[in-house]
Structures are given as structure tokens and as C-alpha cells.
Amino acid sequence: MADEDQQQPKEKSKKNKFRRDKPWDHEGIDHWKIDAFSAEHNPHGLVEESSFATLFPKYREKYLKEVWPLVEKELKEHNLKCQLDLVEGSMTVSTTRKTFDPYVIIKARDMIKLLARSVPFEQAQRVLQDEMACDIIKIGSLVRNKERFVKRRQRLLGPNGATLKALELLTQCYIMVQGNTVSALGPYKGLKQVRKVVEDTMKNVHPIYNIKTLMVKRELAKDPNLKNESWDRFLPKFNSKSVKKKKKAIKKKTYTPFPPQQQESKIDKQLASGEFFLKDHERKLKKQEERKAKQAEATSKRIAAREQAFVPPVEDTPKKSKPKTSESDKIDLDAFKKKVKSAQKRKRIHTMTDKQPKKRKEKR
């Protein structure tokens, strides 16, 4: 029975009834590959001229003047022309009659944008390649506080540019942090990763977390067994720790059934000071006098503050330094006198003992 079941052909599911094998489509084909665009694809050229212009800052003028012959040479290979206007501070690229690639003008526009954003020409010219693209990420409006913005931008660079270098190696992109923008140049997949890391950094997520995730993903991509599996179990999960601020203790007001005392109005204050009964011109004179008194007080303070800079500082008179006597040099007079007296006593005793035997000898 088991052999008969195995011999019977499996019925095709109704879902795939009209699906047929496609001999031109197999696993060996790379669907993401970008084929080179040649003059044979567009022999008649373009119908109209297209041009793009971009402004550049004043400090970039000197470098662009030096590099411009190389820019012209590079664009000439793609049948494009360019112009540098130092009066207006702008760069312009436009197509010619020989231009056959309709998209190369967009690539040239990206190149002059990168040159304006302080990217060196050696890196900016790579955007003309088919596999390369660029992305200019605006970070100026992501953080309101200026000090916080500078700190987070510095966090993106890291100590001695180490964090930025790690990002470049993992994403295979060239990254340039300049002012309020981050310019990235590389493959499309890498640009997507760079944008995510930059935006997360500006949202107070440290770039080291994203770098760690990218490193794990790169190792997982090498294993063919994990091709069709979810990588969530391998990726690190970081919980955001929000520091809770201490709430200020609110003092409860003691309950009183009586309403607060009514504040005096402007007229009540004038009645109390007697200003209400003054005439208009007298009132104006009084205000002028008060204003003049305030001005005089302010000017006197200002003059005193200015004169403070010209007041010579009090110089410390050098005190005559007494010769320091060491402890060994100090002599205790009382102890010295006692020593002298004791020495004198000993002398007397010795002399007395010496004289006594002589007298005895004389008597004998």
C-alpha cells in the first residue's frame, strides 16, 4: 500500500495552476545589478538642455579655484559642461548635444552639491559611478538647544574621529560632518544605514549601539543557513534609561475661609501718595524728575565701574624675612646655667679631695 501511494503523482495545487517555469529567471541572476548605460542605448541624444546650479560658501572659493580644471576634465568625459561663478558664488552644470545619458546630469548636480559641502574632489567624483549615490542629511533642525546639538554632533565624530571611521568601514560610505549637515557618499544600502545612525544620534541614541548592531548583522550575513531566518534573536536589544527628575516638594497652603486682601488699584496708590490731586503738568514734572534721578544714579554707577579699571591694585609690601633659626641653634639658657654650675661643683670637690691627703702627710 505504501509503494502504491509513493507511485501516485502529487496533485498540483489550484493556486499555482497557471504558473509556469521561467527559464530566463533563475537564482543566478542578480536583479539589483545596474547595467552600464552606453551611447548605443540613446544614439539620438537629448532633446533639450538641462542645467543645475548650486551656491557655495566664501571659505570654499580658494579650494574650488584650484580644483576646477579637474572638475571640468571629469565632466567632459561624460559630455557635460560646467561653470564656476566667483562673483555670485555659484557652480553650474549643464548637458551638451553629445550627452547621451539622461541621468548623468543628476549625478553631476550631486557632485557640485558635495563640493559645496566641503567634500574633497577625490571623493566627490565617485558619485558619477553607477553604483554610487550621495545623501545630504540636514541635522540642524533636529535639536533645538545649541549646546546639546554641538554635543550630539561631536558624539557622532567620536574621540579622534574613531566613531566616524567605524561607521565608514561598516557602511562602506564616505561621511563628512560639516556645520548643520552630514554628507554621505556610497552604495544605496550603506546610505540608508548612515541616515538611520545619524538621525538616532540626534535623537539622543548613542551611535555605539547602532555600530554594534551593524557588526552583528555583518557576521550573520556570512552564514548562508541564516539567509531566510529572522535575526531578531541575535541582535542586541538596548533599553532606553530615562533619568527621572526629582520633583520639587510643593508646600500646601493652609486653608483659610477668608478671601485674600484686595490689592490696591492705581487710583488708590495715587490717593495715598497725594499724586491724584496734582495737576497734569505737575504730574509730568514729577515723573521727569524721577526719571532724571534714576538716570543720574545709573550714570554714576557706570562712571564708577569705568574708573574701577584705572584704580591701581594695592601692592603688598615685601616683609623683611627674619633669619630662620633651626631647633638645633636654639639654646635653653636655664639648662645651660645648670650645666655650668654642676661642672663648677665637680671641680671644687676634686680640688678638696686632692688637698686632704697632702695635709695628712705633713702631719706625719
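Reader: Which is Q172, buried or exposed?
Author: The model is predicted, so local features need pLDDT of at least 70 and side-chain atom pairs count only at pLDDT 80 or more, while totals for chains, interfaces and linings use all residues. Residues are numbered from 1 along each chain as its sequence is written, and side-chain values use heavy atoms, with hydrogens and water left out. Buried means under 20% relative accessible area, exposed over 50%, and partly exposed in between (1.4 Å probe, protein chains only). At a relative accessible area of 60%, Q172 is exposed.

Reader: Where does Q172 lie?
Author: Helices (H or I, at least four residues) and strands (E, at least two) are DSSP runs, numbered from the N terminus. Q172 is not a glycine, yet its phi is positive, about 60°. Its place is the loop between α6 (162–171) and β5 (174–178).

Reader: What is the phi of S118?
Author: Most residues other than glycine have a negative phi. S118 lies in the loop between α3 and α4 (121–124) and is buried, with a relative accessible area of 11%. S118 is a residue other than glycine with a positive phi, near 70°.

Reader: How many aromatic pairs does the whole structure hold?
Author: Rings of Phe, Tyr and Trp (its six-membered ring) pair if their centres lie within 6.5 Å; planes under 30 degrees apart count as stacked, over 60 as edge-to-face and the rest as tilted. A search of the whole structure gives a count of two.

Reader: Which parts does the pair of F37 and F100 tie together?
Author: The ring centres of F37 and F100 are 6.4 Å apart with planes at 10°, so the pair is stacked. F37 is partly exposed at 34% relative accessibility, and F100 is partly exposed at 22%. The pair ties together parts 63 residues apart in sequence, because F37 lies in the loop between α1 (2–7) and β1 (51–55) and F100 in the loop between β3 (90–95) and α3 (104–116).

Reader: What is the angle between the planes of F276 and F277?
Author: F276 is partly exposed at 38% relative accessibility, whereas F277 is exposed at 62%. Their aromatic pair is edge-to-face, with 5.7 Å centre to centre and a plane angle of 90°.

Reader: Which ring does the charged end of R109 sit over?
Author: A charge sits over a ring if NZ of Lys or CZ of Arg is within 6 Å of the ring centre and within 35 degrees of the ring normal. The charged end of R109 is 5.4 Å from the centre of the ring it sits over, that of F52.

Reader: How many disulfides does the structure hold?
Author: A disulfide is a pair of cysteine sulfur atoms within 2.5 Å. Two cysteines are buried: C134 at 18% relative accessibility and C173 at 5%. The number of disulfides in the structure is zero.
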